[in-house]
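Please examine the model shown below.

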Amino acid sequence: MAPDRDLEHLHPVYRAVVAGLYDELDRRGLRFRMHEGYRGRERQEDGKKRGKSKASFLQSDHNYGLASDFVGDVSGINPWDNSHDWGAYGECVEAVGLEWSGRWKTFRELVHNGGRGLFSYSRGDLYRGALADVRDDPEWRWLEWWLSTDDMAKTSTRIACMQRIVIRLGGDPGDVDGIWGPRTHDAMALIIAPCGIDTDAVDLSGAEALAVLLGELRAVVTKVCE
Ligand SMILES: [Zn+2]
């Protein structure tokens, strides 16, 4: 399974900083390139099985589009070779405000950089759907893609994101706990029923209802921003 190098699959705030990282590398004449950015469920679980990662899906910042691995990009040299100036790469990573895991004491990784610190989210916050906080997600395309990807289908993270959006729209799903209970169901139905959706006929935790929810949120935020 090939690594995902699509910059569009990174969180927009982190993506902008990665662009800055490329500039910084360029400025110092260093040749590195992104090897992997977003990592879906299948690749994460496969990597864990093969001992390449200790994390299950949703335990790595890669799974939220908030981390990437860079490798050396000099022709004729193995991208992972020790002769690349990893320390200089790490300096660039930190200069643009990202975390470099070359400093980690356990599971030290020269290639990895992460942008969770841009938001001061804990990984638990991410798991509980913090990415649905609209102030941090100005780019709807990304949130829509991320929530609708098969990797996220039916996970508690996706449901937690939906709960946060429902709250943002004035609904009351109770605690943001990622559990699809009757209270979340009813709050969701109240929000999307006026949009012409037959709430008895669709899966309210499913993609169709999610699209309506995101449309409503977009309308609200657009109004606020005008
Ligand atoms: Zn990594």
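At what angle do helix H6 and helix H7 pack, and how far apart are their axes? In this predicted model, helix H6 covers residues 156–168 and helix H7 covers residues 182–192. The angle at which they pack is about 50°, and their axes lie 10 Å apart. H6 is therefore oblique to H7, since angles from 65 to 115 degrees would count as roughly perpendicular and those under 35 degrees as roughly parallel. The crossing of the two helices, H6 and H7, is left-handed.

The residues that form this contact can be named individually. From H6, Met-162, Gln-163 and Val-166 take part, and they meet Thr-184, Ala-187, Met-188 and Ile-191 of H7. Classified by type, the contact of H6 with H7 comprises five nonpolar and two polar residues, with no charged residues.

The C-alpha trace of the protein spans about 60 × 45 × 30 Å along its principal axes.

Two further values describe the protein as a whole. Of its 226 residues, 32% are buried; a residue counts as buried when 20 or more other C-beta atoms lie within 10 Å of its own. Among contacts with a separation of 6 or more, 58% involve residues 24 or more positions apart.

Methods
Residues numbered from 1 in each chain as written. Predicted model: local features only at pLDDT ≥ 70, side-chain atom pairs only at ≥ 80, totals over all residues. Buried ≥ 20, exposed ≤ 12 C-beta atoms within 10 Å, placed from the backbone. Contact = placed C-beta atoms within 7 Å. Axes fitted to C-alpha atoms, helices over the stretch in contact; angles between N-to-C directions. Helix = DSSP H or I, 4+ residues; strand = E, 2+ residues; numbered from the N terminus. Parallel < 35°, antiparallel > 145°, perpendicular 65-115°, else oblique. Left-handed = near helix turned anticlockwise from the far one by under 90°. Nonpolar A, V, L, I, M, F, W, Y, C, P; charged D, E, K, R; others polar.
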